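My entries follow in the order I made them.

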Amino acid sequence: MTEPAKAPEKRRWFSGIRLVAVVAAAAALASAGVTALLVNIMERKQEAKNPFYRVVELDDTITDPAVWGKNFPLQYDGYKRTVDQQRTRYGGSEAVARTPTQADPRSVVAQSRLEEDPRLVTLWSGYAFATDFREERGHAHMLEDQTFTQRQQVTQQPGTCIHCHGSVYVPYKKLGDGDLIKGFEKMNQMPFAEARKLVEHPVACIDCHDPSTMQLRVTRPGFIEGIAALKASQGVPNFRVNEDATRQEMRTYVCGQCHVEYYFKGKEKRLTYPWAKGINIDQIMAWYDEDGHTDWTHALTGAKVLKAQHPEFEMYNQGIHAKSGVACADCHMPYQRQGAMKISDHHVRSPLLNINRACQTCHKWSEAELLERAETIQTRTFQTRNIAMDALVDLIHDLESAQKAGASEESLAKARDLQKRAQFYLDFVEAENSMGFHADQEAVRILSNSINFSRLGQNALRSGGGASTAPNQRPAGAPAAAGSAGTQQGSR
């Protein structure tokens with residue numbers, strides 16, 4: 001009678017053993033998981049403490065980015081990707097094949113903007129840009145495209161151009177016997193071909209980073225002097241950019257070293273940023289009026305005119321992102337995770353090609369909606385740009401007619417001055433590589449002023465006699481006839 005009673009007890013005993021085994025196994029697995037997690041965390045913390053590989057010693061003489069890349073392989077990989085040619089709706093370039101020659105070994109170039117819009121030839125008649133002007137390409141191409149542009153064949157460009165097209169920090173220091181500014185002054189006065197021999201690379205790591213600390217720095221004398229003049233106009237004297245700027249400001253300033261409006265001042269061809277009165281276009285125009293600088297004499301009208309140069313820094317400063325404290329690098333070099341490390345993406349490109357990391361960090365909408373918003377801004381800017389372009393071409397042709405008809409010198413002089421203003425305002429948006437996105441309201445304001453200047457110029461001709469009684473009628477966006485060669489004071 002006692003044996004059957006022991007069976008349930010035995011079963012309970014075995015069940016208890018199994019339960020203990022399961023609990024022990026679960027505890028062991030949990031312990032192993034926690035241990036693995038802690039080890040992983042420790043490894044990542046160690047990685048974060050050593051964000052780069054100390055393979056080579058870097059100093060202030062090493063210009064080759066491949067050498068820096070041994071310590072910073074992830075950043076260097078991104079840097080090398082700037083060879084790509086991928087366009088957005090209103091920017092970037094397509095790879096156009098060409099047959100290499102001894103004079104120009106390039107097998108691929110960007111598409112011609114002059115072929116896309118022949119009105120630009122009329123706009124720049126008599127200037128080297130009417131010979132060759134192409135869509136922008138990545139930083140990897142910046143030196144070769146400047147070296148082999150056809151603009152080099154129609155004018156004698158100075159060594160000043162190297163300032164923004166090559167890695168010039170070390171060449172400047174060598175030319176100046178250790179003095180950056182003196183080397184800058186010497187290279188400015190050289191012929192381009194002579195200065196080109198001193199430079200080996202396009203923009204490189206050393207141009208933006210201190211080799212000892214990797215801190216951002218400004219190495220371009222044009223910007224060092226320009227930002228000091230701008231700060232002085234704002235009541236901040238003796239501004240030293242590398243000592244006084246914040247880290248977030250530096251994440252814009254290193255880009256603003258080159259993506260700016262500038263001119264060659266005097267016989268020395270000193271690269272100068274026209275910011276002594278301020279940085280918006282009205283203040284820059286006032287500076288040119290006071291300084292008296294013009295870039296060339298327009299071949300069709302005889303007007304002394306200006307050529308705007310990629311003023312991204314100036315336009316960005318008028319926009320909502322700059323007002324909100326967003327730096328150039330936040331959008332064009334957004335942070336990315338590589339293991340435990342957070343690094344800036346050195347594949348510098350349009351944010352519209354990288355919306356997830358460039359835009360959605362702040363803007364919580366879909367990629368499709370953000371792209372549509374950006375392209376809506378750009379399309380409206382482009383449409384207004386076409387209206388301004390037609391108005392300016394009308395003024396240029398009316399000035400041609402007025403000269404032939406014997407209009408008074410007073411009316412011609414007034415119309416030429418208005419052409420200079422209309423042309424500079426239009427070109428300020430045309431040459432700026434965001435098609436209005438950096439500051440959309442400012443871009444439309446500038447283009448509206450350009451249209452007004454063109455129409456005021458036509459009115460001046462009517463009042464002076466000799467001009468047609470109505471502006472040339474042409475649908476918005478239609479091309480105009482190309483201009484001929486003229487008097488050129490220097491190409492930049």
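**Cysteines**

The cut-offs are under 20% relative accessible area for buried, over 50% for exposed, and partly exposed in between, with a 1.4 Å probe and protein chains only. Cys255 has 22% relative accessibility and therefore counts as partly exposed.

Are these two bonded or too far for a bond? The sulfur of Cys255 lies 4.5 Å from that of Cys328, its closest cysteine sulfur, which is too far for a bond. A disulfide here is a pair of cysteine sulfur atoms within 2.5 Å. Cys328 is in no disulfide either, since its nearest cysteine sulfur is that of Cys255, 4.5 Å away. I noted 0 disulfides in the structure.

**Ground rules**

The model is predicted: local features need pLDDT of at least 70 and side-chain atom pairs count only at pLDDT 80 or more, while totals for chains, interfaces and linings use all residues. Residues are numbered from 1 along each chain as its sequence is written, and side-chain values use heavy atoms, with hydrogens and water left out.

**Overall counts**

I counted up the protein next. It has 22 helices and 8 strands. These are DSSP runs numbered from the N terminus: helices are H or I with at least four residues, strands are E with at least two. Of its 492 residues, 48% count as buried. I then took contacts between residues at least 6 apart in sequence; 68% of them join residues at least 24 apart. Contact means heavy atoms within 4.5 Å.

**Aromatic rings**

I found 19 aromatic pairs. Rings of Phe, Tyr and Trp (its six-membered ring) pair if their centres lie within 6.5 Å; planes under 30 degrees apart are stacked, over 60 edge-to-face, and the rest tilted.

Tyr127 and Trp296 have ring centres 4.2 Å apart and planes at 15 degrees, so this pair is stacked. Tyr127 sits in the loop between α5 (119-123) and α6 (142-148), and Trp296 in strand β5 (residues 296-297), so the pair ties together parts 169 residues apart in sequence. Tyr127 counts as buried at 2% relative accessibility. Trp296 counts as buried at 0%.

The second pair I checked was Tyr172 with Phe184. It is edge-to-face, at 5.8 Å centre to centre and 80 degrees between the planes. Tyr172 lies in helix α9 (residues 169-175) and Phe184 in helix α10, so parts 12 residues apart in sequence are tied together. Both residues are buried.

I also traced a cluster: ring pairs link Trp124, Tyr127, Phe129, Phe133 and Trp296.

**Helices α10 and α12**

How do α10 and α12 pack, and at what angle? Helix α10 (residues 180-188) and helix α12 (residues 221-233) pack at about 110 degrees, with axes 10 Å apart. Axes are lines fitted to C-alpha atoms, for helices over the stretch in contact, and angles run from 0 to 180 degrees between N-to-C directions. The two helices are therefore roughly perpendicular. Angles of 65 to 115 degrees get that label; under 35 is roughly parallel, over 145 roughly antiparallel, and the rest oblique.

On the α10 side I listed Leu180, Ile181 and Phe184; they meet Pro221, Gly222, Ile224 and Glu225 in α12. By class, this contact has 5 nonpolar, 1 polar and 1 charged residues. Ala, Val, Leu, Ile, Met, Phe, Trp, Tyr, Cys and Pro count as nonpolar, Asp, Glu, Lys and Arg as charged, and the others, Gly among them, as polar.

**Positive phi**

Asp177 is a residue other than glycine with a positive phi, near 50 degrees. I placed Asp177 in the loop between α9 and α10. Its relative accessibility is 73%, so Asp177 counts as exposed.

Asn238, also not glycine, has phi near 55 degrees. Asn238 is in the loop between α12 and α13 (241-244). At 71% relative accessible area, Asn238 is exposed.

**Helix α21**

Leu426 lies in helix α21 (residues 409-430) and is buried, at 0% relative accessible area. Beyond neighbours within four places in sequence, its contacts include Leu123, Arg385 and Leu447. Leu426 and Ser448 are 22 residues apart in sequence, and 8.9 Å apart C-alpha to C-alpha.

Val429 is in helix α21 too. Val429 is buried, at 1%. Not counting residues up to four places away, Val429 touches Met315, Thr381, Ala443, Ile446 and Leu447. Its C-alpha is 7.8 Å from that of Arg385, 44 residues apart along the chain.
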